[in-house]
Amino acid sequence: MIPLNRRASLPRAGMEYFDARRKPHNVGKIIAALVLTALCIFVLKQSPSFGGNSVFSRHEPGVTHVLVTGGAGYIGSHASLRLLKDNYRVTIVDNLSRGNMGAVKALQKLFPQPGRLQFIFADLGDQKSVNKIFAENAFDAVMHFAAVAYVGESTLEPLRYYHNITSNTLLILEAMASHGVKTLIYSSTCATYGEPEKMPITEATPQFPINPYGKAKKMAEDIILDFSKSKGADMAVMILRYFNVIGSDPEGRLGEAPRPELREHGRISGACFDAALGVIPGLKVKGTDYPTADGTCIRDYIDVTDLVDAHVKALNKAEPRKVGIYNVGTGRGLTRQDFFIYLNVISICSYGELDFNKYVA
Ligand SMILES: NC(=O)c1ccc[n+]([C@@H]2O[C@H](COP(=O)([O-])OP(=O)(O)OC[C@H]3O[C@@H](n4cnc5c(N)ncnc54)[C@H](O)[C@@H]3O)[C@@H](O)[C@H]2O)c1
């Protein structure tokens, strides 16, 4: 008969003998593990992002350390460049879902000195990571750019937008509250106004967003405003609602690089690049029956350099227990047709042969 429990039937003495023989081998393994652990701790401590030792983990008199979420993206990278130029200390957090590591590398190349810029690859929807980032770094302010930001896409994937924009803003606010970070500059949008009857759109225009992108941003704004009013929050908040952002660093170090898969959700800038590169046959004006001089819609285009300037000004003006809400545009709209004419002039001046106008339907 086979015994039911073979192991139990083994003589214990056999086990002891077996252990005793292996002991020297295990001691070796333990020593190796200890050496490896010590080595890892040493390597981590040398890393600029190691919480305990890094300059990023300490507040320094005269140095303002700004967390730039979405700093690998179009506007966030330009804002980081401007902050670094103005001697801020910058930590970029980005999950590179939309952004571009090339932008981060360009910034690292421009500002290689220790304590100027660090990049942390992380998803802001991951509460643990967000808390760890705040625990290991001494931020003075947050510029929260990170978001998915395509109106068309938001109607196809609304839940993604509410998560990415609204929930993630909540997580960031919670982390700011837990770690005593009091200043927030928030990227909002004119999409929170929807389709107002009265023009121009001012900060007093009622907000009735008409798509999940605008609604998610409006909800995030509401959360920020409610929290800032709560007792003890002591927040200094600036909410900037931008209009259509275009342009790039005048020295050509950064730019906008929309992903090919986002073309169909089209921002005007992406369509212009595609037309210039010959990816699409040309630019088309959609809608020619607007009540404007040439029948095309009017949009307010703000240059990214002016926009990031507004952010730095907002940061400098932010005051505890105060909320500033500002539309950021030029205040002078252009019809689509006029936009293309300007583009045409610029491209001809710059490159000679480009002619966007001939493509306009
Ligand atoms: N571009 C415009 O015309 C415009 C207009 C109004 C408002 N905005 C707002 O400005 C902000 C920046 O827009 P942009 O045009 O630079 O977009 P972008 O896509 O170029 O940059 C957004 C960045 O956020 C990152 N990101 C997204 N989700 C993330 C997450 N969960 N965790 C970490 N990183 C994440 C992306 O990888 C990307 O680098 C957005 O909040 C957008 O809503 C943009």
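In this predicted model, the ligand is surrounded by 27 residues, and the closest are G70, G73, Y74, G99 and A147. By residue class, this shell around the ligand divides into twelve nonpolar, twelve polar and three charged residues. Several secondary structure elements supply at least two shell residues each: helix 2, helix 6, strand 5 and strand 7. Of the shell around the ligand, helix 2 provides the largest share, with three residues.

The elements that supply at least two residues each to the shell are listed below with their residue ranges where given.

| Element | Residues |
|---|---|
| Helix 2 | residues 74-85 |
| Helix 6 | residues 158-178 |
| Strand 5 | residues 183-189 |
| Strand 7 | residues 244-246 |

Helix 6 also packs with helix 4, which spans residues 127-136. The angle between these two helices is about 35°, and their axes are 10 Å apart. Their crossing is right-handed. On the helix 4 side, the contact is made by Q127, V130, N131 and F134; helix 6 contributes L171, I172, A175 and S178. Five of the residues in this contact of helix 4 with helix 6 are nonpolar, three are polar and none is charged.

The protein chain as a whole has ten helices and eleven strands. Of its 361 residues, 33% are buried. Among contacts in the chain between residues at least 6 apart in sequence, 73% join residues at least 24 apart.

Definitions and conventions: Residues are numbered from 1 along each chain as its sequence is written. This is a predicted model: local features need pLDDT of at least 70, side-chain atom pairs count only at pLDDT 80 or more; totals for chains, interfaces and linings use all residues. Axes are lines fitted to C-alpha atoms, for helices over the stretch in contact, and angles run from 0 to 180 degrees between N-to-C directions. Helices (H or I, at least four residues) and strands (E, at least two) are DSSP runs, numbered from the N terminus. A crossing is left-handed if the near helix is turned anticlockwise from the far one by less than a right angle, and right-handed if clockwise. Two residues are in contact if their C-beta atoms, placed from the backbone, lie within 7 Å. Ala, Val, Leu, Ile, Met, Phe, Trp, Tyr, Cys and Pro count as nonpolar, Asp, Glu, Lys and Arg as charged, and the others, Gly among them, as polar. A residue is buried if 20 or more other C-beta atoms lie within 10 Å of its own, exposed if 12 or fewer, and partly exposed in between; C-beta atoms are placed from the backbone. A residue is near a molecule or strand if its C-beta atom, placed from the backbone, lies within 6 Å of it.
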